[in-house]
Amino acid sequence: MLCPICKSKNFKILYEINSRYIKKLLLNKSESKVNELIQIVKELWEGDLCNFVKCQNCSYIFAIPFIAGSEEFYSCFYSSNENYPVWKWDFDITLKEIINSSFNGKLINESLIDIGAGDGAFVKKISKFIDKKNINAIEYSEYGCKKISEFAITCLPTDFKALLKDEYKDKFSIICMFQLLEHISDLELLIKVINWISKNNSIMFITVPNYYARELYDSVKIHEDVPPIHVSRWNRKTFKLFFERNGWKFQKDFISDESYISKIKRFVISKYRFSIISNIKIPFIGKVIKYFYCLFVIPFNILLIFKLSNKKFGNSYWVCLRKIK
Ligand SMILES: [Zn+2]
């Protein structure tokens, strides 16, 4: 296996994931669903172990085996009552950036695609500024796709490969991929599709989990990047290396600006989720134990709690790129 970004062979193992660890992410699912998902994962990995490694040359972090969740995995993973965000920080910053970009004063005629559009929170909002007929979405989950189609926005219930058709060639001037890139292992196919569907001088917005926040969590053995759901971790260097080699110029980036309290809350909840006691399902008593545990976590992680005050440790990372050829 070579690094998917720089082709180096020099890796360091950060952590190992097995099916026991994945079960921690599936607490809200029935036992039969959990067993089904674990079986799919074992087949994908051809075993029960996956390493998350860091390339010592370019700093890209990725899973070995580098295999993303299959269509079968996601259709089993997503439930019909999936909690999609109503509005998020990355939607907001992207919306402002699109409105402020000149587009010769004719934003209404621009064409936008949101790849991995959830239940359409972003495309619905942007349709106030861009004609609905020029907006497309791609969404795996049947529920999300139905919600978007009900709003009269074209949504394909498939993955991005479906865009490699003549009708999508040079079609879009704005491309959005919110929290999608970390789920994808076929990067060469992804960039082929992006370059196929985008016009010259197109603008692209991508968000991923924040590399530095995830690294900080790793230091206390909370591994939030769990394959085959998240198969990679990106930072400024790897974005530049991969996208600039493929015809896109890095424009700017931001780490999400969150309150200190919300960062502490997120950490405490994560710590609880991956603890042994999160299996306790007794009503009331389970809740009391949960709150005591959460209070207990803070003094034992005081150094990390202190570090979270640094702006570098926001939860998400936003990048803007422009097509140069
Ligand atoms: Zn590398």
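This is a predicted model: local features need pLDDT of at least 70, side-chain atom pairs count only at pLDDT 80 or more; totals for chains, interfaces and linings use all residues.
User: How many helices and strands does the protein chain have?

Analyst: The secondary structure comes to 12 helices and 11 strands.

User: What is the radius of gyration, and what does the globule rule give?

Analyst: The radius of gyration is 20 Å, close to the 20 Å that the globule rule gives for 325 residues, so the chain is as compact as a globular protein of that length. Along its principal axes the C-alpha trace spans about 60 × 45 × 40 Å.

User: And what share of the residues is buried?

Analyst: Buried residues make up 34% of the 325.

User: Which domains is the chain divided into?

Analyst: There are domain 1 (11-77), domain 2 (89-258 + 314-323) and domain 3 (260-307).

User: How many residues of domain 1 are in contact with domain 2?

Analyst: 22 residues of domain 1 contact 18 residues of domain 2. On the domain 1 side, the elements giving two or more residues are β1, α1 (19-23), α2, β2 (50-55), β3 (61-64) and α3 (71-77). The centres of the two domains, taken over C-alpha atoms, are 23 Å apart.

User: What classes of residue are on that side of domain 1?

Analyst: The side of domain 1 that touches domain 2 has 20 nonpolar residues, two polar and no charged ones.

User: Now the core. Which residues have the most contacts inside the largest nonpolar core?

Analyst: Leu112, Phe122, Val123, Ile175 and Cys176 do, in a core of 65 residues. Strand β7 (residues 172-178) gives the most to this core, with six residues. The core draws at least three residues from each of domain 1 and domain 2.

User: What does Val123 touch, leaving out residues up to four places away in sequence?

Analyst: Val123 touches Asp114, Ala117, Ile135, Ala137, Ile148 and Ile153.

User: What does the second, separate core include?

Analyst: That core has five residues, including Ala213, Tyr217, Phe267 and Leu308.

User: Switching to Ile13. Where is it found?

Analyst: Ile13 is in strand β1 (residues 11-17).

User: Is Ile13 buried or exposed?

Analyst: Ile13 counts as exposed, because it has 10 C-beta neighbours inside 10 Å and the cut-off for exposed is 12 or fewer. Leaving out residues up to four places away in sequence, Ile13 touches Asn51 and Val53. The C-alpha atoms of Ile13 and Cys55 are separated by 9.0 Å, and these two residues are 42 apart along the chain.

User: What should helix α2 span, at 1.5 Å a residue?

Analyst: The 15 residues of α2 (residues 31-45) should span 21 Å, and its end C-alpha atoms are 21 Å apart, which agrees. Just after α2, Glu46 takes a positive phi of about 55°.

User: What about Ser59 and Lys221, which are not glycine: what is the phi of each?

Analyst: Ser59 has a positive phi of about 80°, and Lys221 has one of about 65°. Ser59 sits in the loop between β2 and β3. Lys221 is in the loop between α8 and β9. With 18 C-beta neighbours inside 10 Å, Ser59 counts as partly exposed. Lys221 has 9 such neighbours and counts as exposed.

User: Last topic, cis peptides. Which residue is joined to Pro65 by a cis bond?

Analyst: Ile64 is, with omega about 5°. Pro65 lies in the loop between β3 and α3. The peptide bond from Pro227 to Pro228 is also cis, with omega near 5°. Pro228 is in the loop between α8 (211-218) and β9 (232-233).

Terms used: Residues are numbered from 1 along each chain as its sequence is written. Helices (H or I, at least four residues) and strands (E, at least two) are DSSP runs, numbered from the N terminus. The expected span of a helix is 1.5 Å times one less than its number of residues. A residue is buried if 20 or more other C-beta atoms lie within 10 Å of its own, exposed if 12 or fewer, and partly exposed in between; C-beta atoms are placed from the backbone. Two residues are in contact if their C-beta atoms, placed from the backbone, lie within 7 Å. Domain bounds come from an automatic or database domain assignment. Ala, Val, Leu, Ile, Met, Phe, Trp, Tyr, Cys and Pro count as nonpolar, Asp, Glu, Lys and Arg as charged, and the others, Gly among them, as polar. A nonpolar core is a set of buried Ala, Val, Leu, Ile, Met, Phe, Trp, Tyr and Cys residues joined through C-beta atoms within 7 Å. The radius of gyration is taken over C-alpha atoms; the globule rule is 2.2 Å times the number of residues to the power 0.38.
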